[in-house]
Amino acid sequence: MRILGIDPGLRVTGFGVIDVDGPHLGYVASGTISTMHIEKDQLPARLKVLYDGIREVVDRYEPDSASVEIVFVNVNPQSTLLLGQARGAAVTALVSRDLPVAEYTALQMKQAVVGYGRADKTQIQEMVKRLLALPGLPGSDAADALGLAITHAHAATSIARLAQAKGLGGAQIQTQKAAYKAGRSR
């Protein structure tokens, strides 16, 4: 299975692509989509760059699913709204290519990748480097995106195992799996 992780941002959006084969994770690609060359007051143009860039990444790497970071409420409401619009452009680009999209908080990603929900950027970069056997540290936005892909790989594997389990709750697990594939489960 190939997973695309997206760390949305209005100035810089990170992306990371991994292949998953059972417990094995393989690095495919990572990078950023930047809108810093566009004036800050040109929001529609910036959103179009993000949308087009993510569609290009999907076309190039052909992922089977995607994972996107859930926006947290910031101290500055205007920043939160702008980030939400960037995230919306990213999710729209993904679903326009018929990709199932899973959503995770930064806390969930840090917990899954580093084992500590308050990990800093350098800890995430180091663990992503180790988990994917990279020769060097990825940039922080790309590392977060790869971390989201890794988080989804772990979660999808766990959900698949639970779905195969027999006995009590089997039907409930199947229902949760379907809701999970469709996006945020609760």
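The model is a predicted one.

Start with the helix pair. Helix α1 covers residues 43–61 and helix α2 covers residues 77–95. Their axes come within 8 Å, and they cross at roughly 35°. As for handedness, the crossing of α1 past α2 is right-handed. On the α1 side, the contact is built from L43, L47, L50, Y51, I54, R55 and V58. The α2 side brings in L82, Q85, A86, A89, A90, T92, A93 and L94. Sorted by class, the residues in this contact come out as 12 nonpolar, 2 polar and 1 charged.

Now for the loops. Most residues other than glycine have a negative phi. Against that background, E62 is worth a look: its phi is positive, at about 50°, even though E62 is not a glycine. This residue sits in the loop that runs between α1 and β4, the strand at 65–69. Is E62 buried or exposed? With a relative accessibility of 60%, E62 counts as exposed, because the cut-off for that label is over 50%.

Terms used. Residues are numbered from 1 along each chain as its sequence is written. This is a predicted model: local features need pLDDT of at least 70, side-chain atom pairs count only at pLDDT 80 or more; totals for chains, interfaces and linings use all residues. Side-chain values use heavy atoms; hydrogens and water are left out. Axes are lines fitted to C-alpha atoms, for helices over the stretch in contact, and angles run from 0 to 180 degrees between N-to-C directions. Helices (H or I, at least four residues) and strands (E, at least two) are DSSP runs, numbered from the N terminus. A crossing is left-handed if the near helix is turned anticlockwise from the far one by less than a right angle, and right-handed if clockwise. Contact means heavy atoms within 4.5 Å. Ala, Val, Leu, Ile, Met, Phe, Trp, Tyr, Cys and Pro count as nonpolar, Asp, Glu, Lys and Arg as charged, and the others, Gly among them, as polar. Buried means under 20% relative accessible area, exposed over 50%, partly exposed in between (1.4 Å probe, protein chains only).
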